[in-house]
Amino acid sequence: MHRNAKLALSVLAATSMVVLAGCTAAGGNAEGDSQSLKIVYQKTDSFTALDELFTKIKPEFEAANPGVTVELEPIQANDDDYSTKLALSQKSAETAPDVFYEDTFRLRSDIDAGYLLNIDDQLADWDEWGQFNEGAKAAGMGDDGSVYAVPLGTDTRGIWYSKPVFAAAGIELPWQPETWEDILTAARAIQASQPDVVPFNMYAGKGTGEGTVMQSFYELLYGTGDTLYNEDDQKWVVESQGFKDSLEFLETLYAEKLALDPSEALDPNVWKKVFGELFPQGKLGGTVEGSYTPSFWQTGGSYEWPAYTEDMAVATFPTQNGEEPGGVSMSGGWTLAVGAKTADADLAFDFLALAVSQENALWYAINNSQIAVRTDVASEPTYLAANPFVADVTELVDVTHYRPATSDYSKISAEVQAATEAVITGQMSVDEAAAAYDTAVEGIVGADKVTTK
């Protein structure tokens, strides 16, 4: 059945159910002849694109569905706090959302917790699902092979660097490091030529949460050839030399004062200083960050900076010693999901489908600097011309990696963050921090779920 036809039927069915029942199941209200749809999502000072999108489509959806009120409930919080508040809302049908914004790395644990609805039936009737590339479809898939969420976009990570700062240090442009040592060499040259400039930022510690692993530690670890998780035997890797080498690189960066002072690096809001002050003021050489970086500086962004198109450039993060494929990136991304407690799954899905339609997905990709996951959006000239770095960050897909999407991943990630913090603050040596990580991992998953390879 075509979505529009099914939508009309679902509205009639849902309205009838509320009238007959005269109660307030999740998604309904006390008036008995109307229905509400609760949409929960994240909104921050730097991330307003989803709020703008939902605000834009709310009247359109309500006009197409008489009697339905879309209740937008943005949560003002960072990633970790958002996830905590979202999980609390899922405890009761009275507070659970009908549609919500979901990080791909929390997807499987939240599926296990029973928060997400299996939407295989809705997708089977949706004629636009074929526009999504296969890799993107997998991002919303559970261990059982069913789909529980639809991707909004994906991202990659690279080195964003200041051309004026690098030029002043005598570094040839465009810059592309081939090894980790090349990064240290450039950072030391910046330090020597411009003492008031922070040479190279890489996130570390628990303050920056998942950003520490996605925009720092993983670029290092995957460049060593090691991983956190062995997909073949589905066990977590301990006693890894690559793990120690990655910590040692961060230790060197901070010990030589080539990065921010640890007291600043551990601030959860350090990214605001990076994008709002240091780069625009020419006080930072480079940082590892996501493909969404231009959204901070574009017109309407949190830190509008027109000169970014001229002053900034992107390089691929290198492997440790130049090993193939020569670079490393990480991809994540967020999805939209239908809540398992929704009173009308079809109606909730129709709101989701409208949010990721070709028109709205194009708007979101451009305004949130996302890498498009719909093929019809990826080929749009306006998408390709959105900012001068679209081609660069899209090429990073060729060397990208994805996090282990297991239900215990978030606990493992927290232990990685703790290890980096212990090292950059001098609380532990590299060996001590790595050993503490190994012990913690075994405590989380059990001895039978760890491996040394």
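**Burial, sheet arrangement and backbone geometry in a predicted model**

Lys257 has a relative accessible area of 59% and is therefore exposed (over 50%; buried means under 20%, and partly exposed lies in between, with a 1.4 Å probe and protein chains only). The structure is a predicted model, in which local features need pLDDT of at least 70 and side-chain atom pairs count only at pLDDT 80 or more, while totals for chains, interfaces and linings use all residues. Residues are numbered from 1 along each chain as its sequence is written, and side-chain values use heavy atoms, with hydrogens and water left out.

The phi of Lys257 is near 60°, a positive value in a residue other than glycine. Lys257 lies in the loop between α10 (241-255) and α11 (262-265); helices (H or I, at least four residues) and strands (E, at least two) are DSSP runs, numbered from the N terminus. Gln234, also not a glycine, has a positive phi of about 55° and is placed in the loop between β7 (229-230) and β8 (235-237). Two cis peptide bonds are described here. One joins Leu173 and Pro174, with omega about -5°, and Pro174 belongs to the loop between α7 (163-168) and α8 (180-193). The other runs from Glu324 to Pro325, with omega near 10°; Pro325 is in the loop between β11 (317-318) and β12 (327-331). Most residues other than glycine have a negative phi, and most peptide bonds are trans.

Helix α8 also contains Ala192, which is exposed, with a relative accessible area of 64%.

Beyond its neighbours within four places in sequence, Phe200 is in contact (heavy atoms within 4.5 Å) with residues including Ile159, Trp175, Leu253 and Val288.

An open sheet of five strands has the order β2-β1-β3-β13-β4 and mixed pairing, where two strands pair if DSSP finds at least two bridges between them. The edge strands β2 (68-76) and β4 (149-151) each have a single partner strand, so one side of each lacks a neighbour in the sheet. The twist averages 25° from one strand to the next; axes are lines fitted to C-alpha atoms, for helices over the stretch in contact, and angles run from 0 to 180 degrees between N-to-C directions. Strands β4 and β13 (residues 334-338) run antiparallel and are joined by three bridges, with Thr335 in β13 as the bridge partner of Pro151. Helix α15 (residues 345-355) lies across β1, β2, β3, β4 and β13, at about 155° to β13.

The whole structure contains 31 aromatic pairs, counted for rings of Phe, Tyr and Trp (its six-membered ring) with centres within 6.5 Å; planes under 30 degrees apart count as stacked, over 60 as edge-to-face and the rest as tilted. The rings of Trp126 and Trp129 are stacked because their planes are at 25°, with centres 6.2 Å apart. Trp126 is buried at 5% relative accessible area, and Trp129 is buried at 12%. Tyr218 and Tyr222 form a tilted pair, 5.4 Å centre to centre and 45° between the planes; both tyrosines are buried.
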